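Student: I have a two-part request for you. Could you take me through this structure, and tell me what lies behind each label you use?

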Amino acid sequence: MSAHSSESTTPRLLVIGGGFSGLTSAVDAAEKGIEVIIVEKNPYLGGRVAQLNKYFPKLCPPNCGLEINFRRIRENPLITFYTMAEVEDISGSPGDYTVTIKLNPRYVNDNCTACNACTEACPKTIPNEFNFGMDLIKAAYLPFNQAFPLKYVVDAAHCDNNCKKACMEACKYNAIDFNMKPVTITKKVTSIILATGWNPYDANKIDNLGFGQIKNVITNMMMERLASPNGPTNGKIIRPSDGKPVDSVIFVQCAGSRDENHLAFCSYICCMASLKQAQYIREQNKDAKIYIFYIDIRTPGKYEQFYWKVKEDPNVIFIKGKVAKVTQDTSSDDVIVEAEDMLTGEKIQTKASLVVLATGMEPSGATMKVPKVEYTEEGFSISSNGIFAAGCSKYPLDVAKSVQDATGAAMKALSLKIHEGEEVSHG
Amino acid sequence: MSEEIVKPDLNFVKEVISSGGESLKKCYQCSTCTVVCGMTPDNSPFPRKEMLYAQWGMRDKLISNPDIWLCHQCSDCTAYCPRGAKPGEVLGAIRKMAIKNYSKPSFLASMVNEPKSAILLFAIPIVIFLVFMMIQGHFTTGIPRGEGGIISFSKFMPPIPYIDFLFIPLAALVVLSFVASIKSYWADMAKNYGKPTDADINKSITDTIIEILSHKKFSKCNVTADRKIAHLLVFYSFIGLAITTSIAVFYLYLLKWESPYPQTNIIKIIGNISGIALLVGITMIVSNRIKNKDKAGIGSYFDWLFIVIVYGVGATGMFAQIFRLLDIAFIAYPMYFAHLVFIFALFAYAPFSKMAHMVYRTTALVFAKHVGRDKSI
């Protein structure tokens, strides 16, 4: 990961965001012979996909796809990537941009061999953001066990002097360096792809669904981590309050999506995600009951077949009616949801050991905007000024369509090379 | 539900939309509203189904439906509605249409619903009271004063043969109108929603009255929880003012004692406490509406006309008294005149204005309890 120091005039693409869309754009462009810089704010590449347990509808783990991309990056000298980095400014015009990139200190240098000694010695623990705070990790840590780059990171803000001392003493390779400071670099690029992705909508904001107040109410992304072999429970789906295996799970669809008080749009993937997660639970417990409360089941295109398949399972019960009230059972750790079963016209209460809120995708632009990029009111990025938006920063998408979109964005960025900076049409 | 053929009444849909339910078509039937509603029964809950009926123009399923009155417009549904469809406002519009449907004569019902008739609504009492003044020669010989030269409204507009000769027949007509309306409303409810029951109707009536007196239902509102106190104040001030009026009748017709009465007399004490409660309550209602307008909606012309009338009654009554005591005739008389105009508007239009909600909601609550639809709380 050495920075290119020479500011050549050769075509160069900046990809903002190192998630699956950004990686795809980067690899596609680089394999067509263009130099690429990836800027990623996390200490690792892979973005949200890295947190997923399985893809729908094939239910295969996303690691293989990620690994293939990582290998293509490793093997391609045209790709440079910066983790823990943010684009601070963009100036210039298509074909001739100057970008300012801030590199935040990792406090771990290239000597790191990922030996884990610092983690073992580190006395401080912090909530594990990668697992949405469901477990604790040491302040010196590897983000997750297949993280790329395979390099540790220290959360210096939560590591006091004692902690720093312990970490440094434990490292035999002089890889920990607390003198690292934020560095700002500038780069000339000819085109830019924005692939800053999405964040799970903050379920704390949905005040009638109990998240943050009732222990056994989790989000769908938390369920991904719970079911994931490298998650906080090594893939065992147990509930947060008492670690009990779950025998009944309620999925609350449209939790904050299609709701003008929260996200006014349909997040596109949540129905498929819940249908998929129902399989996670059913695989672990053949008697588990799944209740899916929905307004409409939206499984676009061929995904409909997946819905039909799940519907065949008598233990997966679909109830038409949005959950609008969630309460704690008074005599157990179970959770009670309330909805109108619209097909019978009865207001019903259903109890389960775990409730999963199918929260939607908030575009990253809603909370963090990249300079010079145009955004819609909701925070979705708009391709303009020669900056091509890709993937979930632009609209809610699944992984497969993000990849297609990212390839399309790479094609558009490459066309700038052909025209040597001429204005090209884009959309 | 058995199979039935929907005959959409498109004019009904348009009327709901133009009566304050303009957000109706935004509803996408998710049923958040029925779940957050604290008033609805669990079986066949509202207001989700009402939104569908209204969208489809199913007039008959709404106008005579007691459920529209079980709704107290807490606006919890409106606040949580993901589409801004404002079920609370839509049901408010439907209630208004139900009043219009059942109240007689119906041309008066139309008048209280349209802003363009507002001038006429007030012009009627203004003309009546101007004629009364003219007959008495107030414009030529001046307004006679009471004993000791004080301002006396009973000299300005004597109960006999003016005030009481106007208001007593008027009250009788209002009662007749209400009786006729409620009879046909009850008949429709019984036809469409009645179930065989051995429940004692007297118990349903008693339970309803207790519920209204305690305002228990309002405690189930969350978003507009502050409405309880405001409505309670206005409600009890009306009772207080009714008591005041009864004492006045007693004084006048049995004791032959004409107003003004001393400030320390029981009639003045009850009247003034009620007057202040009315003004405080109605001010709270206005401020609550403004405060909650984003979550609950600001309300329709129909709502505001009633608020203006109630405010007018309270404010002019209080000011007329103050300026009478201060002996400032050029304000005291016009204030009292305005007071009479507002009182007229309050009573004469009661069967058609929002005032009628008192009668329709009470009737619907009794019916709903009687058929086991609404549980006593």
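Predicted model: local features only at pLDDT ≥ 70, side-chain atom pairs only at ≥ 80, totals over all residues.

Student: Let's start with single residues. Why is B:Gln29 called buried?

Tutor: Count the C-beta atoms around B:Gln29: there are 20 others within 10 Å. The label needs 20 or more, so B:Gln29 counts as buried.

Student: And what makes A:Leu59 partly exposed?

Tutor: A:Leu59 has 13 other C-beta atoms within 10 Å. Exposed would need 12 or fewer and buried 20 or more, so A:Leu59 falls in between and is partly exposed.

Student: Where do A:Leu59 and B:Gln29 lie?

Tutor: A:Leu59 is in the loop between S2 and H2 of chain A. B:Gln29 belongs to the loop between helix H1 (10–18) and helix H2 (32–36) of chain B.

Student: Which peptide bond in chain A is cis, and what is its omega?

Tutor: The one joining A:Phe56 and A:Pro57, where omega is about -5°. A:Pro57 sits in the loop between strand S2 (35–39) and helix H2 (63–75) of chain A. Chain B has a cis bond too, from B:Ser259 to B:Pro260, with omega near 0°. You will find B:Pro260 in the loop between helix H14 (227–254) and helix H15 (266–291) of chain B.

Student: What makes A:Phe293 a contact of A:Val252?

Tutor: Contact here requires C-beta atoms within 7 Å, so the pair A:Val252 and A:Phe293 meets that cut-off. Leaving aside neighbours within four places in sequence, the contacts of A:Val252 also include A:Leu209, A:Val323, A:Val337 and A:Val355.

Student: How is chain B divided into domains?

Tutor: Domain 1 covers 10–102 and domain 2 covers 106–370. Their centres, taken over C-alpha atoms, are 28 Å apart. The contact takes 26 residues from domain 1 of chain B and 31 residues from domain 2 of chain B.

Student: Which helices of chain B supply at least two residues each to the domain 1 side?

Tutor: Helix H5 (67–70), helix H6 (76–80) and helix H7 (87–102) of chain B. The largest share, 10 residues, comes from H7(B). By class, the domain 1 side that touches domain 2 of chain B has 10 nonpolar, 10 polar and six charged residues.

Student: Finally, how many residues bring the two chains into contact?

Tutor: 16 residues of chain B are in contact with 17 residues of chain A. On the chain B side, H2 and helix H3 (48–55) each supply at least two residues, and H2(B) gives the most, with four residues. That side divides into six nonpolar, six polar and four charged residues.

Definitions and conventions
Residues numbered from 1 in each chain as written. Chains lettered and ligands numbered in written order. Domains from an automatic or database assignment. Nonpolar A, V, L, I, M, F, W, Y, C, P; charged D, E, K, R; others polar.
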